[in-house]
Amino acid sequence: DITELYVDGILKVGGRDYEALGKTLAAVDALPECFRREGYPLAKVADARYTLNREARTLNADILVRTGPPALMGNIRVHGAQDVNAEYLQRLTPWTPGDEPWDSELLDDYANTLRGLGLFRSVEAAPAAADLEKSGEGGVAVLPADITVAEAPFRSISGSARYDTDTGLGLEGVWEHRNLFHNGEKLTVTAPLATEIQGIKA
């Protein structure tokens, strides 16, 4: 569960090289995320010790990363949804629970998908660290993901103006409902509000 990495000028993790000196601290901060994308959702830096060589102008670092147990992507648990069906949000997950190694990037992509629905003011996604479930092949933990949302207003009214050389100025109103049957169904109604007819007399 513990991986020790030694940094000497160049830090190499997962095939990526990070120049030391000014970039070393940022590289250390990025280390846990590398493991979280490779099946270790609870990875964190447990200890970091830095040695500065002023003559060589290098920064050496001894980094101790506690990866935690490996895990598979589990079910999502939705919190905060009142008018949007949680089952609808579960159907949007791009993974099959218990089949894929944990990938924090996949979870981030899913959260961005929910943000793009126009149904929520905010979306937060995180591994349910306290609820590891011992299942899956080889006893690998299946880790649920907690999805916390704050719903946005589903109805909106807007208007637009247009100008045509034949008909003149026109106004159009738009009414939209983005969660008609609680599963993200969208209904849009448009109607002309006013039209000014212009004519040219010879």
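User: What is the mean pLDDT of the protein?
Analyst: The mean pLDDT is 79, and 75% of the residues reach 70 or more. pLDDT is the predictor's confidence in each residue, from 0 to 100. This is a predicted model: local features need pLDDT of at least 70, side-chain atom pairs count only at pLDDT 80 or more, and totals for chains, interfaces and linings use all residues. Residues are numbered from 1 along each chain as its sequence is written, and side-chain values use heavy atoms, leaving out hydrogens and water.

User: Where is confidence lowest and where highest?
Analyst: Strand β1 (residues 2-8) is lowest, with a mean of 40. Helix α3 is highest, at 96. Helices (H or I, at least four residues) and strands (E, at least two) are DSSP runs, numbered from the N terminus.

User: Switching topic. How many salt bridges does the structure hold?
Analyst: Five. A salt bridge is a side-chain nitrogen of Lys or Arg within 4 Å of a carboxyl oxygen of Asp or Glu.

User: Which residue does Asp146 form a salt bridge with?
Analyst: Arg77, with the closest N and O atoms 2.9 Å apart. Asp146 lies in strand β9 (residues 141-151) and Arg77 in strand β6 (residues 71-79), so the pair ties together parts 69 residues apart in sequence. Arg77 is partly exposed, at 30% relative accessible area. Buried means under 20%, exposed over 50%, and partly exposed in between (1.4 Å probe, protein chains only).

User: And which residue pairs with Arg36 in a salt bridge?
Analyst: Glu33, at 3.3 Å between the closest N and O atoms. Both sit in helix α1 (residues 24-36), three residues apart, so about one helical turn separates them. Shared partners join Glu33, Arg36 and Arg37 into one network.

User: What about rings? How many aromatic pairs are there?
Analyst: One. Trp95 and Tyr110 are edge-to-face, 5.7 Å centre to centre, with 75 degrees between the planes. The rule takes rings of Phe, Tyr and Trp (its six-membered ring) with centres within 6.5 Å; planes under 30 degrees apart are stacked, over 60 edge-to-face, the rest tilted.

User: Is Trp95 buried or exposed?
Analyst: Buried, with a relative accessible area of 4%. Tyr110 is buried too, at 1%.

User: Last one. What is the phi of His182?
Analyst: About 75 degrees, a positive value, although His182 is not a glycine. Most residues other than glycine have a negative phi. His182 sits in the loop between β11 (168-177) and β12 (187-195). His182 is partly exposed, at 36% relative accessibility.
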